[in-house]
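I opened my notebook to get to know a new structure. Here is what I looked up, entry by entry.

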Amino acid sequence: MRTLTRIAEMKAVVKELKAQSKSVGFVPTMGFLHEGHLSLVRECRKSADATVVSIFVNPLQFSPKEDFEDYPRDLDRDRRLLEGEGVDFLFHPESEEMYPEGYRTAVEVGGLQDKLCGRSRPGHFKGVTTVVLKLFNIVQPDMAFFGQKDAQQALILKKMVRDLNLDMEIRVLPIIRDQDGLALSSRNTYLNPEERQAALVLTRSLAQAKLMFEAGERTAGSIVTAMKNLISREPLARIDYVEIVDLDELNPVEMIDRDVLVALAVYIGKTRLIDNIIMEVKGEAKRGEQV
Ligand code: AMP
């Protein structure tokens with residue numbers, strides 16, 4: 001695996017790959033890798049001739065009050081994991097390389113970016129779309145791989161790719177969970193043992209939603225109320241949002257008469273965790289989701 005820190009070097013590598021008619025697959029991450037990231041890497045390896053993974057903790061997508069400085073980092077471990085997966089190139093630029101003095105430009109996907117997580121993290125998705133478009137321009141992937149864990153992010157990026165006529169495909173892969181059901185996240189490392197246990201309230205509330213839905217409940221409000229009641233019984237948990245929304249615009253639905261996303265963000269102590277499931281009106285919960 002070759003590690004590249006310079007945009008010019010990364011571009012030169014991509015140019016060479018394209019000259020050899022090799023397809024380029026790309027997995028953007030913020031590092032501190034876990035099985036969720038590695039599931040994307042494995043799919044990328046299967047689908048593309050060359051696999052590029054980026055590790056970049058993007059300052060633009062953190063508000064001043066958020067955890068940019070504290071965000072977990074372990075480049076040596078990440079590098080070993082990626083080598084083990086047979087990754088071809090790791091792109092790991094410094095902030096100054098991505099945002100040099102005088103940097104000004106941003107890209108925004110209007111509307112979608114203000115819903116769900118956008119409400120409590122203003123500017124977050126603008127930071128995400130801006131960095132991901134820059135990374136796409138540098139890596140020129142034929143396909144890029146994202147996790148359903150960040151469902152809103154995946155939807156926004158798909159919209160950006162469509163709206164801006166990018167010549168590439170976005171693939172969204174299922175949420176990878178720990179054995180007890182907690183969605184893997186680099187931020188789980190912030191949780192002490194008591195909080196780690198309390199965090200299962202996210203999983204349990206999604207399981208409750210699925211149970212009610214499967215028993216025939218179609219009023220979104222009833223399911224949301226039951227989820228909120230369940231979460232509020234956990235003393236370490238504080239709800240940011242619990243919503244049932246449509247899959248295109250992320251608008252809340254009243255009656256579940258089409259496929260929906262059940263999405264939530266909950267603080268466990270100081271750590272904000274997100275999770276979601278898709279509930280399909282016909283058939284089983286989508287993409288093998290198990291909670
Ligand atoms: P991050 O490093 O948190 O920016 O995540 C990088 C990519 O990994 C994003 O596309 C995430 O959606 C994806 N990802 C994070 N956690 C998981 C998970 N538990 N299962 C599947 N994909 C994930």
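Before comparing helices, I noted how an axis is drawn: it is a line fitted to C-alpha atoms, for helices over the stretch in contact, and angles run from 0 to 180 degrees between N-to-C directions. I also wrote down that this is a predicted model.

Entry 1: I looked up helix α6 (residues 124–139) and helix α7 (residues 151–163), whose axes come within 11 Å and cross at roughly 50 degrees. Angles under 35 degrees count as roughly parallel and 65 to 115 as roughly perpendicular, so α6 is oblique to α7. The crossing of α6 and α7 turned out to be right-handed.

**Entry 2: a second pair.** Next I turned to helix α9 (residues 200–214) and helix α10 (residues 220–232), which pack with their axes 9 Å apart, at an angle of about 150 degrees. Angles over 145 degrees count as roughly antiparallel, and α9 and α10 are therefore roughly antiparallel to each other. I noted a right-handed crossing for α9 and α10.

**Entry 3: around the ligand.** Which residues are closest to the ligand? I found M30, H37, D150, I176 and L184, out of 17 residues that surround the ligand. By type, I sorted the shell into nine nonpolar, six polar and two charged residues.

Entry 4: I checked the side chains, and an N or O atom of H37 sits 2.9 Å from an oxygen atom of the ligand. For the side chain of D150, the distance from an N or O atom to a ligand oxygen is 2.6 Å. L184 takes part through its backbone, where an N or O atom lies 2.9 Å from a nitrogen atom of the ligand.

**Entry 5: cover and contributors.** How much of the ligand does the protein cover? I read 92% of the 490 Å² of accessible area that the ligand has on its own. The elements giving two or more residues to the shell are β2 (24–29), α2 (35–47) and β5 (143–147). Of the shell, α2 supplies the largest share, three residues.

Methods. Residues are numbered from 1 along each chain as its sequence is written. This is a predicted model: local features need pLDDT of at least 70, side-chain atom pairs count only at pLDDT 80 or more; totals for chains, interfaces and linings use all residues. Side-chain values use heavy atoms; hydrogens and water are left out. A residue is near a molecule or strand if one of its heavy atoms lies within 4 Å of it. A polar contact is a pair of N or O atoms within 3.5 Å; within protein, one must be able to donate a hydrogen and the other to accept it, and residues adjacent in sequence count only if both atoms are side-chain atoms. Accessible areas come from the Shrake-Rupley method with a 1.4 Å probe; for residues, only the protein chains shown count as cover. Helices (H or I, at least four residues) and strands (E, at least two) are DSSP runs, numbered from the N terminus. Ala, Val, Leu, Ile, Met, Phe, Trp, Tyr, Cys and Pro count as nonpolar, Asp, Glu, Lys and Arg as charged, and the others, Gly among them, as polar. A crossing is left-handed if the near helix is turned anticlockwise from the far one by less than a right angle, and right-handed if clockwise.
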